[in-house]
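This briefing is for a reader new to the structure shown below.

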Amino acid sequence: MRQYRQLQKELAAQEQKYLRILAQKSELEYRLAMQQEEVAYSRKQESDIRSLHQGARQLKHDMRNHLMVLASYLNSGDFEAAKTYTSEILDKLNTMHSYVETGNSLLNHILNEKLELARSYKIAVRAEIEPLSFSRMRSIDFSALLTNLLDNAIEASRDEPDRELLLHIFEERGYDGISVKNKIGKSVLAENPGLHSTKKDRELHGMGIAQIREIAASYDGICDFYEKDGFFCSRVFIPQ
C-alpha cells in the first residue's frame, strides 16, 4: 500500500513536471511566432521604404523635365497650358505619401497599410502619432484592435461625399489611447444605437465593434463610441 501511494506521488510529480514543460513549450512557440511576425513586418517596412526612395529619386529626375516644359509654356505666353500642366503635376504629387515611422514596427506596418488604403478611397487623413509601445498588449490583440478601428472608419467613409479621417495615438493619465474619427453625413447611432453588425448596414460601424470591446475589456481597458461635430468617434484606452 505504501509503495502504491509512493508511485501515485511520483506520477503526480511527473504530471506536474509535464504540464510545466508543456506550458514552457507553448510560451516559446508563441514567442517564436511573434518574432517571425516582427521579422515579416520589418521586411515589409524595408520594402516600402525602398519603394518610397525610388519614387523620390524618380520624382527628382522628372521635376527637371517638368520645369523645362513649364518654362517653355511661360516663354511662349501659353499661360493656360502652364496652369493645366501645373495642376497635373500637383495631382501626381498628391498621390505620393511619406512613410510613417513610429519606432514600433507593428504599428508602422498597420498605419502605413491602412492609411494607404484610405488614400486610395480619396479619404483625407490627418494623423497625430505619439511613439507608444502598447507593451501590455499581445501583438495579435493590438493588431486586431487598431485594424478594426481603422477598417470601420475607412469602410464608413467610402460612400460619404465629405471624406475625412482623424487618427490620434496618445498617452493620457496612465493609459495608452487610440482615437479614430471619421466624417459622417447623418447620425450612425440614431439608426444603430447598439452598433450591431449586419450585411445590410455595414457602413454603420458594426464591423468589429464586438471584438474591439472584447479586446479592451481583456486588458481592463475602456472603449467609447459617440458622435461630435459631424464625426463618428471611436476611442480606446489601455492601462499602461
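Helix α3 is followed by Lys-122, whose phi is positive, near 60 degrees. The model is predicted, so local features need pLDDT of at least 70 and side-chain atom pairs count only at pLDDT 80 or more, while totals for chains, interfaces and linings use all residues. Residues are numbered from 1 along each chain as its sequence is written, and side-chain values use heavy atoms, with hydrogens and water left out.

**Overall make-up**

- The chain has five helices and five strands; helices (H or I, at least four residues) and strands (E, at least two) are DSSP runs, numbered from the N terminus.
- Read from the N terminus, the order of the elements is α-α-α-β-α-β-β-α-β-β.
- Of the 240 residues in the chain, 33% are buried; buried means under 20% relative accessible area, exposed over 50%, and partly exposed in between (1.4 Å probe, protein chains only).
- Among contacts in the chain with a separation of 6 or more, 64% are between residues 24 or more positions apart; a contact means heavy atoms within 4.5 Å.

**Helix α3**

- Helix α3 covers residues 105-120, and its 16 residues should span 22 Å at 1.5 Å a residue; the expected span is 1.5 Å times one less than the number of residues.

- Helix α4 covers residues 139-157; its 19 residues should span 27 Å, and its end C-alpha atoms are 27 Å apart, which agrees.
- Because 16 of the 19 residues of α4 are buried, this helix is largely enclosed by the rest of the structure.
- Two packed helices are described by the angle between their axes and the distance between the axes.
- The axes of α4 and helix α5 (residues 209-218) come within 9 Å and cross at roughly 145 degrees; axes are lines fitted to C-alpha atoms, for helices over the stretch in contact, and angles run from 0 to 180 degrees between N-to-C directions.
- The crossing of α4 and α5 is left-handed, a term used if the near helix is turned anticlockwise from the far one by less than a right angle.
- On the α4 side the contact is made by Asp-141, Ala-144, Leu-145, Asn-148, Leu-149 and Asn-152, and on the α5 side by Ile-209, Gln-211, Ile-212 and Ile-215.
- These contact residues divide into six nonpolar, three polar and one charged; Ala, Val, Leu, Ile, Met, Phe, Trp, Tyr, Cys and Pro count as nonpolar, Asp, Glu, Lys and Arg as charged, and the others, Gly among them, as polar.

**The sheet**

- Five strands form an open sheet with mixed pairing, in the order β1-β2-β3-β5-β4; two strands pair if DSSP finds at least two bridges between them.
- The edge strands, β1 (124-129) and β4 (222-228), each pair on one side only.
- Neighbouring strands of the sheet are turned by 10 degrees against each other on average, direction ignored.
- β1 pairs with β2 (residues 164-172) in the parallel sense over six bridges, and Ala-127 has Leu-167 of β2 as its bridge partner.
- Helix α4 packs on the sheet and touches β2, β3 (175-183) and β5 (231-239); the direction of α4 makes about 15 degrees with that of β3.
- Helix α5 also packs on the sheet, where it touches β4 and β5, and its direction makes about 135 degrees with that of β4.
- β2 and β3 run antiparallel and are joined by eight bridges; β3 and β5 also run antiparallel, with nine bridges.

- Glu-172 has Tyr-175 of β3 as its bridge partner, and Tyr-175 stands opposite Pro-239 in β5.
- Gly-174 is in the loop between β2 and β3 and counts as partly exposed because its relative accessibility is 36%.
- Not counting residues up to four places away in sequence, Gly-174 touches Ile-238, Pro-239 and Gln-240.
- The C-alpha atoms of Gly-174 and Ile-238 are separated by 8.6 Å, although the two residues are 64 residues apart along the chain.

**Cys-233**

- Cys-233 is in strand β5 and counts as buried, at 1% relative accessibility.
- Leaving aside neighbours within four places in sequence, Cys-233 is in contact with Val-180, Lys-181, Asp-224, Phe-225, Tyr-226 and Lys-228.
- The C-alpha atoms of Cys-233 and Val-180, 53 residues apart along the chain, are separated by 5.9 Å.
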